[in-house]
Amino acid sequence: MEKERGSKLMIYDSENIFAKILRGEIACDKVYEDDFALAFNDINPQAPIHILVIPKGDYVSMADFTASAPAELIAGFFRAVGHVARALELEQPGYRILANSGANAHQEVPHLHIHIFGGKKLGPMLVR
Ligand code: 5GP
């Protein structure tokens, strides 16, 4: 499925694994869900807490999402990220959110997702 967005042609692969999770075709270990977002545990956790939050819509990346999604969905998605962090009591002692976009960032799944990491001291921001 291809979507024209402004001057940029974004291609959303509706067979990506997170699209299948959103459609209920593949199971996930759900942490939270509302009208705007789904949060679930990462299948290959990189920290004691490693949750993925995805918007309910066909968005490849943060650039795609913020250019194309309705304001209500953008707000709802980010509120869901904050809700999960609060619900898991991560504000203290702290946590990290991260969103990979494109090849340089090693984005594996072409559906926007925010990683939430917590449960230990997370070390430096980037591995050099
Ligand atoms: P990316 O590199 O795209 O930012 O991260 C993709 C993440 O999705 C990885 O951390 C990977 O472990 C996770 N992942 C890939 N396939 C699945 C799946 O089928 N279920 C779940 N829960 N996580 C997945």
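A polar contact is a pair of N or O atoms within 3.5 Å; within protein, one atom must be able to donate a hydrogen and the other to accept it, and residues adjacent in sequence count only if both atoms are side-chain atoms. The model is predicted: local features need pLDDT of at least 70, side-chain atom pairs count only at pLDDT 80 or more, and totals for chains, interfaces and linings use all residues. Residues are numbered from 1 along each chain as its sequence is written, and side-chain values use heavy atoms, with hydrogens and water left out.

**View 1. Polar contacts of histidine 50.** A polar atom of the histidine 50 side chain lies 3.0 Å from the backbone nitrogen of glutamine 46. The side chains of histidine 50 and histidine 115 are joined by a polar contact of 2.8 Å.

View 2. Beyond its neighbours within four places in sequence, its contacts (heavy atoms within 4.5 Å) include Phe40, Asp42, Pro45 and Phe117.

**View 3. The open sheet.** Five strands follow the order S3-S4-S5-S7-S6 with antiparallel pairing, where pairing requires at least two bridges found by DSSP. Strands S3 (30-33) and S6 (95-98) stand at the edges with a single partner strand each, so one side of each has no neighbour in the sheet.

**View 4. Strands S3 and S4.** Three bridges link S3 and S4 (residues 37-41) in the antiparallel sense. Glutamate 33 stands opposite leucine 38 in S4.

Note on methods. Helices (H or I, at least four residues) and strands (E, at least two) are DSSP runs, numbered from the N terminus.
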